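Here are my notes for you on this structure. Keep the 3D view open as you read, and take the points in order.

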Amino acid sequence: MAEPVGKQELRERVWRAMEIHGAARFPGAKGRIPNFPGAERAALQLQTLPEWKRARVVKINPDAPQLPVRRMALREGKLVYVAVPRLRAERPFLELDPTRLGARGPKAATIKGAAVHGRPVGLDDMRPIDLIVCGSVVVNGRGARLGKGGGYSDLEYGMLRARGLVTDRTPVVTTVHSLQIVPQELPRLPHDITLDWIVTPDGPLRCARGLPRPRGIYWDYLDDAAIAATPVLSELRGARDAR
């Protein structure tokens with residue numbers, strides 16, 4: 001998916017600031033959803049939100065800064081869905097069920113552990129999602145965000161929305177370091193997801209709603225190579241074309 005001009009420059013600026021201020025854990029910020037000191041405290045701040053307390057089924061990104069969130073969710077008995085990296089599997093999500101995992105829960109919350117202990121599921125096997133936790137590189141107070149550039153969080157949301165597993169009212173939150181919050185507008189495309197809450201180690205920030213949310217998959221922004229490399233997209237496009 002092609003990006004508007006300026007997104008990468010904003011990412012580079014935040015990655016550089018985090019490196020300069022020592023706010024990026026090993027192996028550094030650049031090119032990734034940056035892990036940051038205080039990620040564990042940010043998870044505890046997230047735990048105070050009513051949306052978190054109500055949620056029984058959550059989708060959480062597999063990146064390192066959200067590991068404390070995944071462990072917290074499993075510890076609280078929530079069903080967790082984690083996407084397979086780059087959605088490169090026939091069943092593109094891993095289901096982490098704390099009742100099935102038992103004592104393996106903390107290990108299953110890691111990226112490698114989820115691949116070993118998670119149950120691969122397709123969209124038809126998934127339960128409706130009560131809350132989405134996504135990783136971010138850059139965010140602002142209006143709820144706009146930038147990921148690391150692959151577009152997979154947006155694509156996952158689009159697929160889930162197309163199948164009715166999330167709605168416009170499904171809360172979307174992120175946990176970040178305060179250096180990742182910027183005051184300026186962020187370039188956006190129709191498929192970009194928006195946030196309800198930004199949670200830092202110092203507390204949650206309610207985003208000003210008003211930005212539209214994707215209503216499904218925006219096929220015009222996907223090229224044939226991307227679709228061919230993603231089995232679930234090939235399947236969904238085939239079903240669409242057959243109608």
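**Pocket and cores**

1. Start with the open space. The largest pocket has a volume of about 790 Å³. Bear in mind that this is a predicted model.

2. Next, find the middle of that pocket. Its lining counts 42 residues. Closest to the centre are Ile33, Asp63, Lys148, Tyr152 and Ser153.

3. Which elements give two or more residues to the lining of the largest pocket? They are α1 (7-20), α4 (67-75), β7 (145-146) and α8 (152-162). The most comes from α8, which gives four residues.

4. The residues of the largest pocket's lining divide into 17 nonpolar, 14 charged and 11 polar.

5. The largest nonpolar core has 32 residues. Those with the most contacts inside this core are Phe93, Leu123, Met126, Ile129, Met159, Leu160 and Leu233. Two or more residues each come from β2 (79-83), β5 (131-134), α8 and α10 (231-242). Here again α8 gives the most, with four residues.

6. Pick out Leu123 in the view. What is Leu123 in contact with, leaving aside its neighbours within four places in sequence? The list is Phe93, Met159, Leu160, Arg163, Leu165, Val232 and Leu236.

Methods. Residues are numbered from 1 along each chain as its sequence is written. This is a predicted model: local features need pLDDT of at least 70, side-chain atom pairs count only at pLDDT 80 or more; totals for chains, interfaces and linings use all residues. Side-chain values use heavy atoms; hydrogens and water are left out. On a 1 Å grid over the protein atoms alone, a cavity is a set of points where a 1.4 Å probe fits but cannot get out, and a pocket is an open set with protein on both sides within 12 Å along at least five of seven lines; lining residues have an atom within 4 Å of a point. Grid points are joined across faces, edges and corners, and a volume is the space filled by probe spheres set on the points. Ala, Val, Leu, Ile, Met, Phe, Trp, Tyr, Cys and Pro count as nonpolar, Asp, Glu, Lys and Arg as charged, and the others, Gly among them, as polar. A nonpolar core is a set of buried Ala, Val, Leu, Ile, Met, Phe, Trp, Tyr and Cys residues joined through side-chain atoms within 4.5 Å. Buried means under 20% relative accessible area, exposed over 50%, partly exposed in between (1.4 Å probe, protein chains only). Contact means heavy atoms within 4.5 Å.
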